[in-house]
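Keep the viewer open and follow along.

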Amino acid sequence: MTIKNRHSVFDCRRIFFLIGGLEAILIRIQLWKPLNNFVSADMFNELLTMHGTTMIFLAAMPLLFALMNAIIPLQIGARDVAFPFLNSLGFWTFLFGGLLLNVSWFTGGAPDAGWTSYVPLAGTTYSGDHGVDYYVIGLQIAGIGTLLGGINFMATIINMRAPGMSFMRMPMFTWTVFITSALILFAFPALTVGLAALMFDRLFDANFFNPANGGNTILWEHIFWIFGHPEVYILILPAFGIISEVVCTFSRKRLFGYSSMVFATMLIGFLGFMVWAHHMFTTGLGPVANALFSIATMLIAVPTGIKIFNWIFTMWGGSIRFTTASLFAIGFIPTFVMGGVTGVMLAAAPADFQYHDSYFVVAHFHYVIVGGLIMGIFAGLHYWWPKMFGRMLNETIGKITFVTFFIGFHMTFFVQHFLGLLGMPRRIWTYLDGLGFNGLNLISTIGAILMGIGTVAFLINIVITAAKPRNAADDPWEDGRTLEWAISSPAPEYNFAQTPLVRGYDALWKEKMDGNKGMTPAEPLGSIHMPSPSILPFIMSVGLFIAGFGFMYHNYYIGAAGLIIMFACMVIRSVKDDHGFHIEPDELQGKGVKA
Amino acid sequence: MKFRRRRGDNTIPVQVEGNHKLEIVWTVIPIILLIILGVPTVQSVFGLSKDYSKDPDAVQVIVTSHQYWWEFEYPQFGIKTAQEMVIPTNAKIAIETKSGDVKHSFWIPALAGKIDSNAGANVNTMYFEAPKPGVYLGKCAELCGPSHALMDFKVKAVDEASFDRWIAALKEPVELPADPAVREAFVSKCLSCHAVGDQGGMIYPNLTGIGSRETVGGILVNTDDAKYANEGTVYENLKRWIEDPDKIKPGNGMGKVALTEQELDGIAKYLSELKLDY
């Protein structure tokens, strides 16, 4: 729960990313030629479902959360997040939710109704085995973690900013995380409600989504996308934040149009809730709904465009360094623009009738999620790695990662636009010869393997770097602008020995320009309060994990036992007073303290 | 223009905060572009939602999707067929989609956009036209189970006279197999679910005229000049399908039917000769 522990949690998140990537490569191998028999039709549906679910819920979001955890307290000059216990609980529930989901591979079949799990296909009539049960229960447990994380970051950013760090002086990454946390707070309850209803349908024969008994399947689509569309903004906004930080640092320039960036972020977050039905243009909602949701969706292009122009003008006239992080950020911009353009194309409902559920859509959302979010995460990891682990990643391997991943990415997904326009539906296990799909699919598969090589290069980089001494400077890029670069790398467990005084936007840069060495402390040196580590969040999550299994297999004693474990931990947590411990000033001497 | 930083270059670029004029320009121009894009979008959304389901000049087709086949009912003519939709080239085709089980999506990429066939009472409509005669490939566009990828159908656009002949041919009675053993097997094992002419059950695909269709099961392509695994003559394809339907389309509702080699041969031969003349 201390900062050190927060960093080590990276490992399991990376493993989920690798599992999701492996599933993607298996999918691409199956599709490299027509009528291939590399995997069976059932297996293919399991792979595509688990690829989507794993990448969204267990890889992309947790990797972002890991970065937020490491960086947000540093950027706002805080010693820790507002609720360290919740933070730890969120991590463990995410991990056990993810484990539960992946256990399904070994117990007779993973979920196979798509990451959207549309009913009735995901109902018991058409998915009789336990696959979708794992989806429903695993995601509910993992979702608790995300919701807690969102609440925690909101509370942290609102309450724990250092003196002088007003809202309009917050770094862009902090701003985007703040808006993302608000989106999580409003979007995840919708998912929880939908999953709970589907769970009742599956486990206890309820009829929320059963048309034969008065239920409605369209209801699931609405609930899912009321969560699902904000979810894409939950993912992409922090990536926008990362890009803003990286572009500024490596251009040695202030972010162009900071306040318009902030308001564009808010506007994207707000509009993100108004557009969910653009995933349902072909469901048959009627022309009024389709027209309204088309226009609302197109509107999002305006604030997104503002952001793109601001990044370009931040680089304009700057003194640009092409490090790996910087390359990923610069590569992000044109890639994301392409994803945005196809987004506007898809927003026009009459055109969407043709694009919908074809490979055109697959290309579009991989451009925004992989080309946008994953490139953003790569940029962020290379940028903040020294701050998190005290070691610089190897730049040569980093550039190899960038080149293979970037070329592989465009090879994989650019051609998929044309596959979609040629009439290849998404989520198909195989295709006939003679339809003109062969060559493009082969290119796509080769690209996917290149992306795999890029990812492996990154892993090699991590391993090589881990063997090097911890010698990263406090401000290793030399042009750090924000507070995290004012303290040692890696950050000490208390982050700031003395809370810094923030005198303007780009707090550290301002001190540098004024000729000061580092931040001015806002308080005298005193004893630092730290939270005690606790095993309870782990045990609570194990309890939920056991309860999930119990209910899934209709063994209510085990289910009840799991819940009792969880509630017992909650009682212990409430009854036991734990005031944490203090680090005394004499322990801090010689660690960058200014008296 | 210089932008790349030289080693040891310590100059600090001008720290620009922003530029109101520029920012207004790149906010207003996209808004204007969106209005230009939005007007035709709204127009065609309403244009495409026109309802031809009561129009006597339009050909009405009720499309019912099943795991993993398509049923086409022509209420104006009182006929029902499967897997191959025959339409006239000179008329609007008014589609009504429903589903017999899970959600599917009806898509003929070369002719029109797609429309979902929802489970339950949420019936959808759309319309399209096929001005040129020809055979068009149709697809299911919504994940519907293991054989989602194999749920293809064909649309045959023909001139009005051919279309009328097709309607008439579909209504004519059909002779059962001549060989008594084959007939026995066909009636007891096939007609319990399938129909030919006015005989048999209607819950699974209608087999009338199956010999002249483009495909067997939507996914085995009929041709005399086979080039890849899924191509073959009608007879070969029918035999291959009846022998083990699950091998062709995993998870489909037919299952293996217990037939002797002679019965299998006889039924495949009989069905391959069941052609419609139009």
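Tyr134(A) sits in helix α5 of chain A, which covers residues 131-159. Helices here are DSSP runs of H or I with at least four residues, strands are DSSP runs of E with at least two, and both are numbered from the N terminus. This is a predicted model, in which local features need pLDDT of at least 70, side-chain atom pairs count only at pLDDT 80 or more, and totals for chains, interfaces and linings use all residues. Residues are numbered from 1 along each chain as its sequence is written, while chains are lettered from A and ligands numbered from 1 in the order in which they are written.

Is Tyr134(A) buried or exposed? Tyr134(A) counts as buried because it has 25 C-beta neighbours inside 10 Å. The cut-offs are these: 20 or more other C-beta atoms within 10 Å make a residue buried, 12 or fewer make it exposed, and anything in between is partly exposed, with C-beta atoms placed from the backbone. Leaving out residues up to four places away in sequence, Tyr134(A) touches Leu100(A), Leu101(A), Val103(A), Ser104(A) and Pro111(A). Contact means that two C-beta atoms, placed from the backbone, lie within 7 Å. Now look along the chain. Gly149(A) is 15 residues away from Tyr134(A), and their C-alpha atoms are separated by 22 Å.

Next comes another helix of chain A. Helix α8 spans residues 258-271, 14 residues in total. From first C-alpha to last it reaches 20 Å, close to the 20 Å expected at 1.5 Å a residue. The expected span is 1.5 Å times one less than the number of residues. Which residues of α8(A) are buried? They are Tyr258(A), Ser260(A), Met261(A), Ala264(A), Thr265(A), Ile268(A) and Gly269(A). An α-helix has 3.6 residues a turn, so residues three or four places apart point the same way. The buried residues of α8(A) pack against α6 (172-204), α7 (217-251) and α10 (301-315) of chain A, and also against α1 (20-48) of chain B.

That leads to the contact between the chains. On chain A, 59 residues are in contact with 57 residues of chain B. The elements giving two or more residues to chain A's side are α3 (41-75), α7, α9 (287-299), α10 and α12 (349-355) of chain A. The largest share, seven residues, comes from α9(A). By class, this side has 29 nonpolar, 22 polar and eight charged residues. Here Ala, Val, Leu, Ile, Met, Phe, Trp, Tyr, Cys and Pro count as nonpolar, Asp, Glu, Lys and Arg as charged, and the others, Gly among them, as polar.

Move to chain B. It is divided into domain 1 (59-170) and domain 2 (180-272), with bounds from an automatic or database domain assignment. The C-alpha centres of these two domains of chain B lie 21 Å apart. Between them, 18 residues of domain 1 are in contact with 15 residues of domain 2. On the domain 1 side, β3 (79-82) and β10 of chain B each give two or more residues. β3(B) gives the most, with three residues.

Now find the open sheet of five strands in chain B. Its order is β4-β10-β9-β6-β7, with mixed pairing. Strands pair if DSSP finds at least two bridges between them. The edge strands are β4 (84-88) and β7 (115-117) of chain B, and each pairs on one side only. Five bridges join β4(B) to β10(B), residues 153-158, and these two run parallel. Strand β9(B), residues 134-140, is also joined to β10(B) by five bridges, but this pair runs antiparallel. Look at Val155(B) in β10(B): it is the bridge partner of Met85(B) and the bridge partner of Tyr136(B). Helix α2(B), residues 160-171, lies across β4 and β10 of chain B, at about 135° to β4(B). Angles run from 0 to 180 degrees between N-to-C directions, and axes are lines fitted to C-alpha atoms, for helices over the stretch in contact.

Finish at Val61(B), in strand β1(B), residues 59-66. Why does Val61(B) count as buried? Because it has 20 C-beta neighbours inside 10 Å. Not counting residues up to four places away in sequence, Val61(B) touches Phe72(B), Tyr74(B), Met85(B), Ile93(B) and Ile95(B).
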